[in-house]
Amino acid sequence: MTSESGGPRCERGAGDAAEHPAPTDSEPLRRFAGIWCRAVHPLAATTMTPEAFEEYLLPLAHRLSAALRSSPFDTEAAYGVGAALVDAQCTEPEALPAILGVIDAHLVSCSTPAAPSRQPSAEPGHEPPADEEARARCVRLQHALAAGFVRELRKRERDEQAAISRAALAARTEAEKALHTSEAKFQAVFEGAVIGVGIAGLDGEVLVVNDAMARMFGGMDFFRPGRNVTEFVHPDDVPGAHELYRELVSGERDHFRIEKPHYRDDGSELWTNLTVTLLRDSSGAPQYQLALAEDITEHRRLRERLRYEATHDELTGLPNRPLFLERLDQVLAAGDDADRFGVCYLDLDGFKAVNDSLGHIVGDRLLKAVAERLQGCVNAPAELIARVGGDEFLALVTGPAAQADGAALARRMLAALAEPVRVEGRELRVRASIGVVDGRAGEIGRAEVLRSADITMYRAKAAGGNRYEIADADSNARVIARHSLTNGLPSALEKGEFFIEYQPLVRLTDGTVRGAEALVRWLHPVHGVLGPDQFIPLAEDTGLIVPLGRWVLEQAARQAREWRDADDEGGEPLRVNVNLSPCQLSHPTLVSDTVAVLENAGLCPSALCLEVTENDLIGADESALRPLRQLADLGVDIALDDFGTGYSNLSYLRRLPVSTLKLDRSFTRGMQRAPADPVDVKIVEGIVSLAHTLDLAVTVEGVETAVQAEHLRGLGCDTGQGWYYARPGPPERLHTLALADAS
């Protein structure tokens, strides 16, 4: 059948190009395929590259060219070309006009020989048509191509619709099977589930529950007809549970999950892990609510038991430190309108002695008895007592009068412990020190509260114990500063922050400088220059006094050697006095260290005087005095500092290896103005007489006036030091004596 009768039925596809291989490429048709590709490729949905698409179009161009020149004329090839273009995904609405436009504009010219002289004679049946006939044939080829193009598109649509219908039928069949299967499975799951399953309407009426749900609540009678889920409200429901339920049944949320308590009909309590899901109909409208309930009653009891054990002291049963801190954090995190709070920090005085002497079993029983008495002091819901470790207890009070309530609680606790505790036939007296801190939420943090309570408790202990103290900001600041200095001591020595000032020792008979006392200072990077009274006790507590004392001894010995070397007149060498602490006295290397320092400095032992306070030598036995005797035998002078402040017997001086008494300033204050206090005069006169009888020199501290210096000279004192002569200063100012009231 030919194209004049409507064209053949064309069912060829892209494979037609392969079945009709292109003749040998001619330059015009190659150019036509390129033009065709550039016009159509941007509009096509093909995955081919432009180069591959051009190669695909080249045999189609040859087929159209051959059909244009065929004799007799036949449009069958154009139908196949249209189908082949559909196979190449040239199916966009804009693609077909572009395809036909290129054929209309270029096919005739690219299919007509360029010049008769260059073309061989046409084969029989392929004579080139005249130009007008070629144009007419081109139009008919376009129509045939369009018809083949549209026919192939319709065929594809029919095939796709048939495939969709088959898939839909198969899906519906499978859905019906799945629905039946799922209903059977749901029924099996519903009846055999070990967790409770229930379905209720949107109005809350219980429609059906499984056996597991019924067993949880004590039987199916619990879910009697008309029972509504709104009846399951419990006082311990989590906040917002009602709002979650309202959002579910209104369709605002699809599910929620909570831990919820319930009352059974017999009054017992059931805890469930409850998940409620909204079931919708096919249009998406809310229809039912599905509840899944897991019985967690035993699990919750176990969890509460574990929490109790984790938050309570095993020995006494009182709340422990974590629970106390949790409660304290809750109080501190309250809003601006929160009540005040108070904290009492209690520590037993001397409890270690009980453990050490009577054993830990007795100590534990004592702690249990103490805990019972302290717990009895808590008489309001706003009060809490906790054991936070060892023999330490913390109490918390809240309310508008927290400070007064805290102090009142501290008094009650001390009163409760006043009566002896009887343990294993022994009556044990209990003493305690308590620090009380109060404040308001937002004004102070947890760490500061506990630190202040701890500091205040130790202040009560330092005041004798068995008492309470109220926190004081100034006292806390002093303790914190002391702690800061203590921490900075070790590095201060390494960084060279210490330096020495020297205060002259003046011979009273002629006013000449006999020597100087070395006084250590600390140039603190924050607090400035600190005197020895501010850090020497800290150094003694930490043991740093030993290396610090050796450093002072080294610096003083070196300075004494420099003074000796600078004395051009060769006079009596200046002596340097260095203080020794109790720790240094008992240190086993005192003698060897002192000898090494003298040797390294090239200093004669007689140029060094070591000062020891009277209190450090009271009651000292021979072994404690041995290092001083060894140093005295080497020629080092030993001075008894602050003489008269202790309680030693004057005859005790005969057995001490000392060569100088340094009379405490308290004995000479009555001599600063005329007339002198006769009692002070008699005391000093007696001490000087006794000292000289024992062949001991007398040095007086704290000389501040000329009158005082004259009295002391008249009483026979040997040397003096004080602000009347000079304040402590650098070594080069040693001979520059500024007489304070010489006028």
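Leaving aside its neighbours within four places in sequence, with which residues is phenylalanine 351 in contact?

Analyst: The model is a predicted one, in which local features need pLDDT of at least 70, side-chain atom pairs count only at pLDDT 80 or more, and totals for chains, interfaces and linings use all residues. Residues are numbered from 1 along each chain as its sequence is written, and side-chain values use heavy atoms, with hydrogens and water left out.

Beyond the neighbours within four places in sequence, phenylalanine 351 is in contact with Gly363, Leu366, Leu367 and Asp391, where contact means heavy atoms within 4.5 Å. Phenylalanine 351 belongs to helix 11, which covers residues 351-358. Helices (H or I, at least four residues) and strands (E, at least two) are DSSP runs, numbered from the N terminus. With a relative accessible area of 9%, phenylalanine 351 is buried; buried means under 20% relative accessible area, exposed over 50%, and partly exposed in between, for a 1.4 Å probe and protein chains only. Glycine 390 is 39 residues away from phenylalanine 351 along the chain, and their C-alpha atoms are separated by 9.2 Å.

The next element to consider is helix 12. Helix 12 (residues 360-375) lies across strand 6 (340-349), strand 7 and strand 8 (392-398), and runs at about 10 degrees to strand 8. Axes here are lines fitted to C-alpha atoms, for helices over the stretch in contact, and angles run from 0 to 180 degrees between N-to-C directions.

An open sheet of five strands has the order 7-8-6-11-12, and its pairing is mixed. Its edge strands, strand 7 (383-389) and strand 12 (467-470), each pair on one side only; two strands pair if DSSP finds at least two bridges between them. On average, and with direction ignored, neighbouring strands of this sheet are turned by 20 degrees against each other. Strands of a sheet pair through backbone hydrogen bonds, either parallel or antiparallel. Strand 11 (residues 431-440) pairs with strand 12 in the parallel sense, over four bridges, and isoleucine 434 stands opposite tyrosine 468 in strand 12.

Elsewhere in the model, buried side chains form nonpolar cores, a core being a set of buried Ala, Val, Leu, Ile, Met, Phe, Trp, Tyr and Cys residues joined through side-chain atoms within 4.5 Å. The largest has 75 residues, of which Phe535, Leu610 and Val684 touch the most other members. Helix 17 (residues 545-566) supplies the largest share of this core, eight residues. Another core, of 41 residues, lies apart from the largest one and has Trp36, Val102, Leu107 and Ala144 among its members.

Charged side chains complete the account. A salt bridge is a side-chain nitrogen of Lys or Arg within 4 Å of a carboxyl oxygen of Asp or Glu, and by this rule the count comes to 41. One of them joins glutamate 309 to arginine 305 at 3.1 Å, N to O. Both residues lie in helix 9 (residues 297-311), four residues apart, about one turn of the helix. Glutamate 309 is partly exposed because its relative accessible area is 46%, and arginine 305 is likewise partly exposed at 47%. In another salt bridge, glutamate 252 meets arginine 246 at 3.2 Å, N to O; glutamate 252 is exposed at 52% relative accessibility, whereas arginine 246 is partly exposed at 33%.
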